[in-house]
Amino acid sequence: MKVAIIGGGASALMCASFCTSDVTIFSNEEKLGKKILLTGNGRCNLTNVHYNNFSYNTNIDSYLQKFDHKNTLDFFNKIGLLTYVDEMGRVYPISNTATSVVDVFVNYLGTKKVEVINTQVQKIEKLDDGFLVNETYHFDKVVIATGSTANLLDNLNIKYNKFFPSLVALKTKQNTKRLSGLRLSNVIVKSKGYSEYGEVLFKDSGLSGICIFNLSSLLAREHNYQSILSIDLLPKYSKEELEEILTKRLKNNYKNMKTFMQGIFHREINKYLLNICKINEEEKPCKNNIQKLVKNIKSLEFDIVGTYDNNQVNNGGVSLQDLTSDLEYKGIKGLYFIGEVCDVDGLCGGYNLQWAWTSGKIVGEKLCLK
Ligand SMILES: Cc1cc2nc3c(=O)[nH]c(=O)nc-3n(C[C@H](O)[C@H](O)[C@H](O)COP(=O)(O)OP(=O)(O)OC[C@H]3O[C@@H](n4cnc5c(N)ncnc54)[C@H](O)[C@@H]3O)c2cc1C
């Protein structure tokens with residue numbers, strides 16, 4: 001049996017690793033696994049040992065039962081990759097470099113019958129006895145592993161949900177230029193009933209950081225980013241406790257509100273907060289100011305107006321409902337979908353690559369010669 005895999009990313013490499021048929025990978029990038037090199041800040045967070053109902057936009061339990069993080073670790077171990085798990089359950093190569101992941105894959109595929117054609121696939125035609133790729137190459141089965149790109153889906157008349165950026169920094173109506181580059185640790189970010197704990201990084205006119213990325217993933221599931229986002233800057237204190245702490249500070253007889261705020265947050269955050277509260281830095285500290293401060297420290301609000309460009313993944317793609325349990329398209333026999341082109345996206349932490357591994361393995365194994 002001759003199998004074409006379109007795309008040379010994570011899911012394609014996994015699929016080819018498990019497929020014992022005659023495999024040809026069509027990749028429009030010179031080197032296989034180029035995007036893997038970018039993952040996890042160049043370290044490749046390849047999976048996560050924790051998982052819950054919120055980890056993905058859709059339920060993929062039945063697929064993970066066939067190949068989950070434990071199977072992923074066994075597989076990588078088998079092909080020569082040593083890994084470690086950090087305190088958040090994220091798994092990385094011991095080498096702390098994504099090149100190790102691509103290297104072991106390329107070595108492993110070198111031991112198998114896999115041909116690589118470096119070209120952009122423009123057209124796939126369904127024939128009675130298989131598929132014709134780029135009007136030249138004949139295959140019995142085709143696996144689409146093209147990530148969040150729509151051209152081949154349109155070409156094949158495939159039904160799919162519109163792609164929508166996810167795991168992405170959020171743009172705010174508020175100008176945060178003076179805060180740009182500052183980090184807030186151990187904060188709680190809330191929007192539309194979702195809540196994330198962790199770190200926020202300010203940009204010129206927006207917010208970034210893992211916490212914001214995860215919130216963006218949850219908002220992307222509704223295909224609407226317009227919302228009010230609030231940050232609890234000091235979640236370890238209740239409103240009452242914070243009011244008590246700040247009221248006690250009044251006794252220190254600070255010269256003005258600027259000195260009153262020193263020692264609480266970074267000086268630019270202090271300035272931003274005072275500005276939002278419409279409190280002049282030169283004012284004498286008083287009870288009324290404390291109430292305004294408590295309100296904004298516990299819920300500093302931003303209007304989300306959109307996203308930055310560099311999203312890590314997309315929500316949208318071919319719905320699992322239109323695929324069989326082996327990820328074959330219900331409308332076209334012999335056509336399979338794996339990885340991000342499916343409407344499966346996860347939070348930060350290794351979940352997206354896990355889906356690439358899981359879906360790649362399921363289809364690779366399905367397309368083995370008996
Ligand atoms: C900066 C960044 C960091 C990330 N970090 C992590 C992380 O640490 N952990 C995690 O789990 N996930 C991470 N992700 C997400 C993860 O990289 C993706 O979920 C995963 O790579 C998807 O794999 P895939 O095989 O579906 O698609 P891709 O990796 O996108 O591969 C698709 C390939 O197909 C090629 N292609 C497309 N169309 C054609 C065509 N017509 N003909 C030929 N080739 C074609 C593309 O050029 C590409 O090479 C990150 C993403 C980014 C951008």
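## Strand pairing around β16

In this predicted model, strand β16 runs antiparallel to strand β17 (residues 300–307), and five bridges join the two. Within this pairing, I228 has D303 of β17 as its bridge partner.

Strand β16 (residues 227–232) is also joined to strand β13 (residues 183–191), again in antiparallel orientation, through three bridges. On that side, S230 in β16 stands opposite K190.

## Overall architecture

The chain contains 19 strands and twelve helices. Its C-alpha trace spans about 85 × 40 × 35 Å along the principal axes. Of the 370 residues in the chain, 41% are buried. When contacts between residues at least 6 apart in sequence are considered, 72% of them join residues at least 24 apart.

## The nonpolar core

The largest nonpolar core comprises 99 residues, and A4, I5, C15 and V143 are those with the most contacts inside it. This core lies between domain 1 (2–165 + 312–366) and domain 2 (168–310), because both domains give residues to it. In soluble globular proteins, nonpolar side chains tend to be buried together.

V143 illustrates the contacts made by one of these residues. Residues up to four places away in sequence being left out, V143 touches V3, A4, I5, I6 and C15, together with Y336, I338 and V363. Among these partners, A4, I5 and C15 are themselves listed with V143 as having the most contacts inside the core.

## The ligand shell

The shell around the ligand holds 33 residues, of which G7, G9, G40, G147 and G339 come nearest. By class, 17 of the shell residues are polar, twelve are nonpolar and four are charged.

Several secondary-structure elements each supply at least two residues of this shell: α1 (10–18), β2 (22–27), α2 (39–42) and α12 (351–366). The largest share comes from α12, with four residues.

## The setting of G8

G8 is located in the loop that connects β1 (2–6) with α1. This residue counts as buried because 26 C-beta neighbours lie inside 10 Å, where the threshold for a buried residue is 20 or more. Apart from its neighbours within four places in sequence, G8 is in contact with I25, S27, E29, L32 and G33.

From C-alpha to C-alpha, G8 and Q262 are 53 Å apart in space, and 254 residues separate them in sequence.

Key:
Residues are numbered from 1 along each chain as its sequence is written. This is a predicted model: local features need pLDDT of at least 70, side-chain atom pairs count only at pLDDT 80 or more; totals for chains, interfaces and linings use all residues. A residue is near a molecule or strand if its C-beta atom, placed from the backbone, lies within 6 Å of it. Ala, Val, Leu, Ile, Met, Phe, Trp, Tyr, Cys and Pro count as nonpolar, Asp, Glu, Lys and Arg as charged, and the others, Gly among them, as polar. Two strands pair if DSSP finds at least two bridges between them. A nonpolar core is a set of buried Ala, Val, Leu, Ile, Met, Phe, Trp, Tyr and Cys residues joined through C-beta atoms within 7 Å. A residue is buried if 20 or more other C-beta atoms lie within 10 Å of its own, exposed if 12 or fewer, and partly exposed in between; C-beta atoms are placed from the backbone. Domain bounds come from an automatic or database domain assignment. Two residues are in contact if their C-beta atoms, placed from the backbone, lie within 7 Å.
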